[in-house]
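Trainee: I would like to learn how to read a structure that is new to me. Please take me through it step by step.

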Amino acid sequence: MYEELWQSLHRRIEELRGNCGIGETFRSENRERRENQQKRKRGNEVEEKSEKVEVEEDVSEAAKGIEFGKVKLGGEEERERKKKKRKVSKSEELEGVKKLQEVKDLEVGKKHSWKAAMSMAAGVKVHDDLRLLKQSAQKERMRHEKSAEKWKERVESREKVKGEKQ
């Protein structure tokens, strides 16, 4: 490695020594070479920009009808998407799942399971697992109790500070 660098340095020195008599022509050749390279680069940039614009236009035209992450199955999904749904509480979801499990009718169960499967395929979260719903409702209840306790402590401490000031 070191020897290669040393040799290339000596070669360069010899080239420069050999060009001493014709220094101007050597410099002008270098200048011309640089200018030609810059012209080529500018030409490539213009071509690349025009190609990019063409490709972007083609992509935008091709992507007009494409929707990612959604599976369209009949017309019922469109109707469901148009309705604005409010967020259902955990306890209401839990009650709904319990009612569905109590129903003995096989057709209702099949219909619900197919609807849930279609929704899952379309990327919608389906909350129909009784055990998980119970756990999340319990967590929500505990979180509410904890925050109520903290709030109570804040109010008490504020009252205490007020009493001390008076």
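Predicted model: local features only at pLDDT ≥ 70, side-chain atom pairs only at ≥ 80, totals over all residues.

Trainee: How do I read the contacts in the chain?

Mentor: Look at how far apart in sequence the partners are. Taking the contacts between residues at least 6 apart in sequence, 67% join residues at least 24 apart.

Trainee: Which residues of H4 are buried?

Mentor: Start with the helix itself. H4 has 13 residues and spans 18 Å from its first C-alpha to its last, close to the 18 Å expected at 1.5 Å a residue. Its buried residues are Glu93, Leu94 and Val97. Viewed down the axis of H4, these buried residues fall within an arc of 100°, so they line one face of the helix. The general idea is that an α-helix has 3.6 residues a turn, so residues three or four places apart point the same way. Lys99 and Glu102, on the other side of H4, are exposed.

Trainee: What do the buried residues of H4 pack against?

Mentor: They pack against H6. Helix H6 covers residues 130–165, which is 36 residues. From first C-alpha to last, H6 reaches 53 Å, close to the 52 Å expected at 1.5 Å a residue. The buried residues of H6 are Leu130, Leu133 and Ala137, and they pack against helix H4.

Trainee: Is Glu93 buried or exposed?

Mentor: Glu93 counts as buried because its relative accessibility is 18%, and the cut-off is under 20%. Glu93 sits in helix H4. Not counting residues up to four places away in sequence, Glu93 touches Val88, His127 and Leu133. Leu133 is one of the buried residues of H6.

Trainee: Where is Ser119 found, and what is it in contact with beyond its neighbours within four places in sequence?

Mentor: Ser119 belongs to helix H5, residues 106–121. With neighbours within four places in sequence left aside, Ser119 is in contact with Val124 and Val126. Ser119 counts as buried because its relative accessibility is 17%.

Trainee: How many salt bridges does a search of the whole structure find?

Mentor: For a salt bridge, look for a side-chain nitrogen of Lys or Arg within 4 Å of a carboxyl oxygen of Asp or Glu. The search of the whole structure finds one. Glu15 forms a salt bridge with Arg12, with their closest N and O atoms 3.5 Å apart.

Trainee: Why are Glu15 and Arg12 separated by about one helical turn?

Mentor: They are three residues apart in helix H1, so about one helical turn separates them. Glu15 counts as partly exposed because its relative accessibility is 43%. Arg12 counts as partly exposed too, at 41%.

Trainee: Which residues form a nonpolar patch on the surface?

Mentor: The patch is made of Tyr2, Trp6, Leu9 and Ile13, with about 450 Å² of accessible area together. Ile13 lies in helix H1, residues 2–18. At 30% relative accessibility, Ile13 counts as partly exposed.

Conventions
Residues numbered from 1 in each chain as written. Heavy atoms only, no water. Patch = residues over 30% accessible without salt bridge, like charges linked within 9 Å, V, L, I, M, F, W, Y side chains within 5 Å. Areas by Shrake-Rupley, 256 points an atom, 1.4 Å probe, with all protein chains shown as cover. Helix = DSSP H or I, 4+ residues; strand = E, 2+ residues; numbered from the N terminus. Buried < 20%, exposed > 50% of the residue type's maximum accessible area, 1.4 Å probe, protein only. Contact = heavy atoms within 4.5 Å. Expected span 1.5 Å × (residues − 1). Arc of directions from axis to C-beta.
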